[in-house]
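Here is a short tour to read alongside the sequence and the 3D view. We will look at how some strands pair up, then turn to one residue in a helix.

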Amino acid sequence: VYDPDSYKNLSRTFYLMGKIDTALKVLEQWLQHDPENPTALHMRSAYTGQGVPQRASDDYVRQTFDGFADSFDMVLKRLEYQAPFLVNQALKDVAGEGEVGDLLDVGCGTGLCGPLVRKRVRRLVGMDLSPKMLERARRRGVYDELYEAELTEFMARSDAEYDVLLCADTLCYFGDLAGALEAACGALKPAGWFIFTLERLEDGVGDSRLNLHGRYSHSDAYVGRVAQQAGFERVAVATETLRMEFGKPVVGLVVTLQKA
């Protein structure tokens, strides 16, 4: 009997053991049963560096986070996950402690950013691709509105609607950031802020890279360049630790952009 979870768990076990070749063999067997499986296709690209997409597919993201929703908060606590606190602190750094108006939590997941900013915003909107993550966010009772949507499309439809966009650990599923940053700029009111995290491309070779864990990392220089092309006038990029993984810090970028 074909069981996709067995293939997923087995390939991940070999990945965690550092046996990438064996993990890849499991993925190839999985794809024989299910040639279009989004998780198997994405991770094959991550392991081989071949056929790397410009961004993770909607189906991959939805499948990954629907499966992760129930344990998400607990796992992140164990990893000393900092991204929501980092974007919230970056917002305080530029906007002070006062009210910031309308805020969109981009890729809100289970809503970890929501309680941190609720007191300071007039209207708090969250959006995410994963319905199961949105269920968790809804239970927090802090969002005025929640939407199931792809972030670039959603922001492209939000014409100068928001004062602030916050995005914790979501754009690491994009290699090419240009479309998302253009949409973000369009969704902001004049002088609005877009604050987000990325994983840092440590060796600085190239613009972005799909890593073995399935997420992309980006170089500081690329982020600055693509932000200015998208229409942001103020660009600040800080290096921070996002979380711990395998006992080591994951080095990330906290990016603060202001629309002209």
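## Strand S5 and its partners

Tyr162 has Leu188 in S5 as its bridge partner. Keep in mind as you look around that this is a predicted model. That pair belongs to the parallel pairing of strand S4 (residues 162–167) with strand S5 (residues 188–200), which takes in five bridges.

Strand S9 (residues 248–259) runs antiparallel to S5, and seven bridges join the two. Strand S7 (residues 216–218) pairs with S5 in the parallel sense, over two bridges. If you want to find that spot on screen, look for Arg200, which stands opposite His218 in S7.

The pairings of S5 are gathered here:

| Partner of S5 | Sense | Bridges |
|---|---|---|
| S4 (residues 162–167) | parallel | five bridges |
| S9 (residues 248–259) | antiparallel | seven bridges |
| S7 (residues 216–218) | parallel | two bridges |

## A look at Leu27

Now move to helix H2 (residues 20–33), where you will find Leu27. Is Leu27 buried or exposed? Its relative accessible area is 0%, so Leu27 counts as buried, the cut-off being under 20%.

Leaving aside residues up to four places away in sequence, Leu27 touches Ser11, Ala40, Met43, Arg44 and Tyr47. Asp58 lies 31 residues from Leu27 in sequence, and their C-alpha atoms are 19 Å apart in space.

Note on methods
Residues numbered from 1 in each chain as written. Predicted model: local features only at pLDDT ≥ 70, side-chain atom pairs only at ≥ 80, totals over all residues. Heavy atoms only, no water. Pairing = 2+ DSSP bridges. Helix = DSSP H or I, 4+ residues; strand = E, 2+ residues; numbered from the N terminus. Buried < 20%, exposed > 50% of the residue type's maximum accessible area, 1.4 Å probe, protein only. Contact = heavy atoms within 4.5 Å.
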